Amino acid sequence: MPWRILEPRGSKVRQASERTPSTCTLWSGGETEATTCGGRAGFPQRDRTTAHDRTRLALPKPEVAGLGNPGLLGTRHSVGMAVLGQLARRLGVSESWVRDRRCAADLALASLGDAQLVLLRPRRLMNANGRSVAQAAELFGLTAEDVYLVHDDLDKPLGKLALKLGGSARGHNGVRSCISCLNSSAMPRLRVGIGRPTHPNAVQAHVLGCFSPSEQELLPPLLERATDLLLDHIRERSQGPLSGT
């Protein structure tokens with residue numbers, strides 16, 4: 001493996017639940033990192049393999065980023081992070097998240113066939129998610145086309161999924177931040193429907209609110225289907241060039 005993850009210094013990490021209590025339990029993560037990238041703890045670092053060895057090893061590609069607010073866990077706006085949690089469980093790396101201060105995010109590497117996936121949960125707020133996503137892409141030498149964004153979509157009812165290749169932000173501030181920081185709109189996106197309230201003034205409360213008990217019953221199969229869709233698409237893209245299509 002061309003990359004290894006160093007264990008973070010646990011004494012310096014506080015859980016978000018210690019700072020921002022929440023009754024939503026879809027995802028539990030670390031504290032919000034609002035500063036610029038820096039420091040040394042918990043970074044992916046290159047193994048000392050030869051150039052010949054590296055050509056035979058799978059490179060970390062692609063990056064899958066779950067957009068959201070780390071201080072508002074389990075809300076509709078952070079459903080992308082819930083999908084990342086399910087993806088990590090499916091790939092057997094749910095206990096492998098490591099804080100990386102260089103990109104202000106939690107990272108986990110997961111094997112998928114001959115490739116590795118870089119799973120990312122930003123520690124910055126939604127409007128600044130793009131900084132974490134772009135810094136991680138630079139860290140691993142990835143292009144915008146290698147970065148999957150998973151995020152909520154007001155214009156789709158809860159339970160509906162759509163995988164889109166590139167395009168505009170469609171009013172989503174997290175996607176807008178990613179487009180700005182990556183200087184590209186080519187990122188594939190998995191849009192997870194959360195439904196739009198009937199009254200325009202209720203949109204902010206709806207987005208930042210937790211899923212209702214009835215909605216929570218729909219979430220486990222939704223997260224499973226979202227994970228299936230992501231993995232199927234990533235496999236198809238990775239196998240396409242090899243099969244000559």
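Start with helix α4, where N129, G130, S132, V133, A134, A136, A137, L139 and F140 are buried. Buried means under 20% relative accessible area, exposed means over 50%, and partly exposed is in between, with a 1.4 Å probe and protein chains only. That makes nine buried residues out of twelve, so α4 is mostly covered.

Some ground rules. This is a predicted model: local features need pLDDT of at least 70, side-chain atom pairs count only at pLDDT 80 or more, and totals for chains, interfaces and linings use all residues. Residues are numbered from 1 along each chain as its sequence is written, and side-chain values use heavy atoms, with hydrogens and water left out.

Helices here are DSSP runs of H or I with at least four residues, strands are runs of E with at least two, and both are numbered from the N terminus. On that basis the chain has seven helices and nine strands. Of its 245 residues, 51% are buried. Now contacts, meaning heavy atoms within 4.5 Å. Take those between residues at least 6 apart in sequence: 73% of them join residues at least 24 apart.

Back to α4. How far apart should its ends be? At 1.5 Å a residue, its twelve residues should span 16 Å. The rule is 1.5 Å times one less than the number of residues. The end C-alpha atoms of α4 are 17 Å apart, which agrees. After the helix comes G141, with a positive phi near 70 degrees.

Next, how α4 meets α5. Two packed helices are described by the angle between their axes and the distance between the axes. Helix α4 covers residues 129-140 and helix α5 covers residues 173-182. Their axes come within 7 Å and cross at roughly 40 degrees. Axes are lines fitted to C-alpha atoms, for helices over the stretch in contact, and angles run from 0 to 180 degrees between N-to-C directions.

What do we call that arrangement of α4 and α5? They are oblique to each other. The cut-offs: under 35 degrees is roughly parallel, over 145 roughly antiparallel, 65 to 115 roughly perpendicular, and the rest oblique. The crossing is right-handed.

Who makes the contact? From α4, it is N129, G130, R131, V133, A134 and A137; from α5, it is S177, C178, C181 and L182. By class, that is six nonpolar, three polar and one charged. Ala, Val, Leu, Ile, Met, Phe, Trp, Tyr, Cys and Pro count as nonpolar, Asp, Glu, Lys and Arg as charged, and the others, Gly among them, as polar.

Two residues of α5 now. S180 sits in this helix. Is S180 buried or exposed? S180 is exposed, because its relative accessible area is 57%. Leaving out residues up to four places away in sequence, G174 touches L67 and M126. From G174 to L149 it is 9.4 Å, C-alpha to C-alpha, and 25 residues along the chain.

On to α3, residues 79-90. Its twelve residues should also span 16 Å, and the end C-alpha atoms are 17 Å apart, in agreement. Ten of the twelve are buried, among them V79, M81, L84 and L87. M81 has a relative accessible area of 0%. M81 and H151 are 70 residues apart in sequence, yet their C-alpha atoms are 7.9 Å apart. G92 follows α3, and its phi is positive, near 75 degrees.

Most residues other than glycine have a negative phi. A104 has a phi near 50 degrees. A104 is in the loop between β4 (98-100) and β5 (105-112), and is buried at 0% relative accessible area. R170 has a positive phi too, about 55 degrees. R170 lies in the loop between β8 (161-165) and α5. Its relative accessible area is 48%, so R170 counts as partly exposed.

That's the tour. Questions, please.

Methods: Left-handed = near helix turned anticlockwise from the far one by under 90°.
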